[in-house]
Structure formats: structure tokens, C-alpha cells
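I am opening a new page in my notebook for this chain.

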Amino acid sequence: MISADLVNHYQQNGFVIVSGLFSDEEVQMYIEHYMALNAQGYGEGQHTVQDETDPLKKYPRLMHPHRHDSISMDWMLDKRIVECLEALIGEEPYATQTMMYYKPPGSRGQALHQDQFYLRVQPGTCMAAWMALDRCDEENGCLQIVPGSGNLPVLCSVQADLTKSFSADTVQVPEGTETVPIVLEPGDVLFFNGSVIHGSFPNTSETRFRRSLIGHYVSGEAQTVAKWYNPVWRMDGTKIDLENSKWGGSCGVWVNKDGTPVVEMAGVEMRQNYEIH
Ligand SMILES: O=C(O)CCC(=O)C(=O)O
């Protein structure tokens, strides 16, 4: 299912692309299903929108659709995803979240962040499975990743640029840091851990959506997770509650050491309520 080379790439970088994990027919089924959910009004209120013309007003992301939609639940627990996760993290994970992003033409992206900032998994970390439903490239706002961030601690957050991002929080990166665009074909799945700094820029296409289905998982050793992500599911579909994580700990800030930017845990999280990712 997943080669030793891919596992090795994940271990070195904290992320890896598994191409063609889902078929074109399956992708088409997901697109039809989620467009139908949108047409029925699912997802309203999940976004702060700028004004009536904001494309995200008509196509808000869906948060936790697996809690009421069996297609989302089945995808989250699909054995191909589970097998990849097990190979990458070396143990059976718990599943905690699904999200569906429509990212219609002209919509904003999501500012750079680390998932562990929101999920607060202890011990261990979280993992994302990010599946492309459309071809995702720079024009329609594909995911962007900061190389070398896969082992960083949780960084302090600052205010994001809301003209480019629908989410309000972002992390700082050293001056000159370049992000790498993750270009994916429909059915490809990107796996990445909770430290990897990632996000996306606006969809600059006038016609193309950038739809993606996203699952979040926590390593099976986890005992706590942020409240918003409880309950979690074992891979056999049984449900458990982990303890809720506490907020307000230390966070990392960049400092210059002999000309090289390094992270020191010199910051303290001020806000206590980062619930929605
Ligand atoms: O798909 C995007 O644009 C951002 C998704 C993301 O940041 C996430 O899944 O954590």
C-alpha cells in the first residue's frame, strides 16, 4: 500500500503524498455528495465571511460532517487511509475530525498554522489526511507547506491577514522562508503531522473549485485532546472520550542564534479558546 521510500520521506519531512489512493469514480461520488450537502444548506455559520459577496458565504466548509453523515464517517475510517497512517506513525490511530473544503473560485485561503496548535494532543501528536477532490495547484490555492517544519514545537500565534485568509490566527516564519506548493491530482492524499506549518493562499481561478476532504487523527497513545475534537473513534468505529487538554501553555518564538533562526519556548499562549481549527 505504501512503500518504504514513502515512509522514509515522511520520517524525514513530516509529510508525504500517496498518489491515487482513491479512484476517479470515488472522487466523483464524493463531489456529488458534498455538493448536494451544500445545496441543502449544510455548513452555514461555519465561517466568518467578509460580506455578502464573499464566495465562502455560499460554500462554507463543513466541520465534523462524520458526526451526522455516514459517507464522511466511512471515508474517515477507510482502510486505505488507516493502513497508510499505521505505516507512517507505527501504530493504530484514533480518528477525530473530518472537514470538507469547497474553496470556490475567488475565495480566500487559510493562513499558515500547525494543526497541533488546535488539537493539543498529548502525548504524541496529530496527523492529517488531506485528499484532493479537484486538481489542486497554485492557481486554485493548493496546500502550501513550510519545508523543515515537521519537528517544530507549537509556535505562538499572531493575527492573520484576513484579506487572504478566512482564519484569524497564523504563525510567524523566519524572513525569506518559502512555502512549497503541494500539487495534487484528484484522489491523491497528503499525510502530514501536527507540527508541519501549512496553509493555503487564495483561489485565484475564476472558474475552478479546489475541493478537498480532510481527516484528522491522533496517535493511539494519546490521552488528551482539545475539547472540540472529542469524541474520537477507534478504527473499528467504536467511540471513546479522551480527556480534554488544558490551554494556556508555553509556545515557541523564533530567535536568532549565530545568524540562524531557531525556536525557543519563550512565549505563553494568551488566548484560551482556540477551539475551531
Ligand atoms: O485546505 C486548506 O486550504 C487548509 C487546510 C488546513 O489547513 C488543514 O486541514 O489543517
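What percentage of the 277 residues in the chain do buried residues make up? I looked this up in what is a predicted model, and found that buried residues account for 43% of the 277 residues.

Overall form: I noted 6 helices and 18 strands in the chain, and its C-alpha atoms fill a box of roughly 55 × 45 × 35 Å along the principal axes. Of the contacts with a separation of 6 or more, 78% join residues 24 or more positions apart.

Ligand: I listed the residues around the ligand, among them Tyr101, Asp115, Trp130, His198 and Ile214. By class, this shell has 5 nonpolar, 6 polar and 1 charged residues. I looked up which strands contribute, and found that S5 (126-132), S11 (198-200) and S12 (212-218) each supply at least two residues of the shell, with the largest share, 3 residues, coming from S11.

Sheet: I followed S11 into an open sheet of 4 strands, where the order is S4-S11-S6-S9 and the pairing is antiparallel. S4 (110-113) and S9 (180-181) stand at the edges with a single partner strand each, so one side of each has no neighbour in the sheet. Between S4 and S11 I noted 2 bridges in the antiparallel sense, and I saw that Gln110 stands opposite Ser200 in S11. Gln110 and Ser200 are also both among the residues around the ligand.

Notes. Residues numbered from 1 in each chain as written. Predicted model: local features only at pLDDT ≥ 70, side-chain atom pairs only at ≥ 80, totals over all residues. Near = placed C-beta within 6 Å. Nonpolar A, V, L, I, M, F, W, Y, C, P; charged D, E, K, R; others polar. Pairing = 2+ DSSP bridges. Buried ≥ 20, exposed ≤ 12 C-beta atoms within 10 Å, placed from the backbone. Contact = placed C-beta atoms within 7 Å.
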